[in-house]
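Trainee: Could you go through this structure with me? I would like to learn how the labels follow from the values.

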Amino acid sequence: MEEHWADVIANELLKLRKKHRIATGITPSGPIHIGNLREMLTADAIRRAIIDKDGEAEIVYVADTSDPLRRRYPFLPREYEDYVGIPLYLIPDPDDCHENYAEHFLQPFLESLEILEIPVVVRRAHEMYKNGEYEDVTRISLENRDRIADIISRVTGRDIEDDWSPFMPLCKRCKRITTTRVKGFNGRVLYECSCGHEGYASLKEGKLVWRVDWPARWKILNVTCEPFGKDHASAGGSYDTGRRIAKEIFGIEPPYPVPYEWINLKGVGAMSSSKGVVVPVREFIDIVPPEIVRYLTIRVKPKKHIDFDPANLLELFDDFEENLRRNDRSAQLSMISGICYSDVPFRHLIVVGQIAKWDVDEVLRIVGRIYEVDDVTRRDVERRLKYAKRWLEVFADERLKFEIAEDVDVSLFDDEDIEFLSRFAEELSEDMSAEDIHNKVYEVSRSLNVKPSKAFQAIYKVILAKNYGPRAGYFIKTLGIDWFKKRVEKLLKQSSFP
């Protein structure tokens, strides 16, 4: 059996050293989404795998709070045009509920990491600059401006402007870092800004450009491994320049790279906070159990893209439940502490919840027709039933939603329907399993020369007054075979069928 990708990486890392620091980093410029979460879950799967092999590992999460607002994003008020170019930590919260813009988007994400059991050491970039952690690497970068420019030029194949600098000073007047130009360095940075201001900035007032900031961070934090998006891993990308700057300027080995592909939202493509094309993590984990959110990413090798359709997750639930029973490694690495799983499938809870109007006791009574209801089942059903209800309300396809029809509408049926239902109900018995019932549909329909699709439609019409519904065998077993027989008997009494 092929070894799980996280174990493969863990083995490689443990050949180098026993203790590892895995870095992650996301700019809180907008809602942090499921696509961003791939980086965190990739890191955590590696962390868990290292620990399982008796190594030591921790994740450091750097929130890029010093990054400037690049433009006014579609979700921002028009007045945020005035904040373009200003670091995120200096911009007011658009909803006035957090200390600043960066915290507004960062805090819900950090809450999500706790729920997903991804332990991280949180570092805010602007605090790292302010408290002097970047001071030495910034000085080294400014002193080696020409060497760094040469590396970037050679690796990327592009010309570097004569006035380019690895450091972006913070203008004391307009508070922007994208409009300043370094004019000199003698321990302090002399700069001029397009707003007309000239002045000096200390090495704590501003930030390094990304291609220099990244390897500088590796040195400051002693990073040994880092997952990052495929855009950074492309030829001439920021990992290529970062690797050389790390070795040639900062004198360190670059971290073990783990590039990953995007998570694509169905019908849209790669998610993007700046474009407003997102499923925010904090909202998603209120709707989908955390172990399933983890499994969405951990089951797939990082270099393979993930197609994500929040309305079509039942196969993912099925896959997780089956692999959990098989003790599959992806399921192991996805599990959350303190939870238990029973034999009741999530898709069954979707059906039973609607039948029982989401009443837990009634759900457990109905579940008992198929599964043993012990303490584990009760705790599991109580927990996952809440998710089943939320997922059905927010994401599920309308075809999965139903209500039991109050009465049977005889006008929906022709003679062929009624003949099939009469024979089918007659041959059902209480000791039949859901699979037995499902197979009986085909057996009876063949004997009457009725198309199976028409037979299933007749079943749904007598229960729901529409042509589709949940898997028929489980549906009838869940409702109760005696209930279904009485339902058909009611139809027969109202019809002219002999």
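Mentor: Gladly! This is a predicted model, and its second largest pocket has a volume of about 660 Å³. The lining of that pocket is made up of 27 residues. L314, D318, R347, L400 and R471 are the ones that lie nearest its centre.

Trainee: Which elements give two or more residues to the lining of the second largest pocket?

Mentor: Those are α12 (314–325) and α14 (346–355). The largest share comes from α12, with 6 residues. By class, the lining holds 12 nonpolar, 4 polar and 11 charged residues.

Trainee: Why does K183 count as exposed?

Mentor: Exposed means over 50% relative accessible area. K183 has 52% relative accessibility, so K183 counts as exposed. You will find K183 in strand β5 (residues 180–185). Leaving aside residues up to four places away in sequence, K183 touches L190, Y191 and E192.

Trainee: How far apart are K183 and D163 in sequence and in space?

Mentor: They are 20 residues apart in sequence and 8.0 Å apart in space, C-alpha to C-alpha.

Trainee: Why does K219 count as partly exposed?

Mentor: Partly exposed is the range between the buried cut-off of 20% and the exposed cut-off of 50%. K219 has 31% relative accessibility, so K219 counts as partly exposed. This residue is found in helix α7, and K219 touches V137, F250 and I252, not counting residues up to four places away in sequence. K219 and V137 are 82 residues apart in sequence, yet 8.3 Å apart in space, C-alpha to C-alpha.

Trainee: What makes the phi of K175 worth a look?

Mentor: Most residues other than glycine have a negative phi. Phi of K175 is near 70°, a positive value in a residue other than glycine. K175 lies in the loop between β4 (167–169) and β5. At 38% relative accessibility, K175 falls between the two cut-offs and therefore counts as partly exposed.

Trainee: And N449: is this residue buried or exposed, and why?

Mentor: N449 has a relative accessible area of 69%, over the 50% cut-off, so N449 is exposed. N449 also has a positive phi, of about 60°, although it is not a glycine. Its place is in the loop between α18 (434–447) and α19.

Trainee: Which residues of helix α9 are buried?

Mentor: In α9 (residues 238–248), the buried ones are S238, Y239, D240, T241, G242, I245 and A246. Buried means under 20% relative accessible area. These residues pack against α6 (145–156), α7 (210–221), β9 (225–229), α8 (230–233) and β10 (256–260).

Trainee: How do you describe the packing of α19 and α20?

Mentor: Two packed helices are described by the angle between their axes and the distance between the axes. For α19 (residues 452–464) and α20 (residues 472–479), the axes come within 11 Å and cross at roughly 30°. That crossing is left-handed. The contact is made by F456, I459, Y460, I463 and L464 of α19 with A472, F475, I476 and L479 of α20. By class, this contact has 9 nonpolar, no polar and no charged residues.

Trainee: What is the crossing angle of α17 and α21?

Mentor: The axes of α17 (residues 415–427) and α21 (residues 481–494) cross at roughly 145° and come within 10 Å. The crossing of α17 and α21 is left-handed. Residues of this contact include I418 and L421 of α17, and F484 and V488 of α21. The contact divides into 8 nonpolar, 1 polar and 2 charged residues.

Terms used. Residues numbered from 1 in each chain as written. Predicted model: local features only at pLDDT ≥ 70, side-chain atom pairs only at ≥ 80, totals over all residues. Heavy atoms only, no water. 1 Å grid on protein atoms, 1.4 Å probe; cavity = no way out; pocket = protein on both sides within 12 Å on 5 of 7 lines; lining within 4 Å. Points joined across faces, edges and corners; volume = space filled by probe spheres on them. Helix = DSSP H or I, 4+ residues; strand = E, 2+ residues; numbered from the N terminus. Nonpolar A, V, L, I, M, F, W, Y, C, P; charged D, E, K, R; others polar. Buried < 20%, exposed > 50% of the residue type's maximum accessible area, 1.4 Å probe, protein only. Contact = heavy atoms within 4.5 Å. Axes fitted to C-alpha atoms, helices over the stretch in contact; angles between N-to-C directions. Left-handed = near helix turned anticlockwise from the far one by under 90°.
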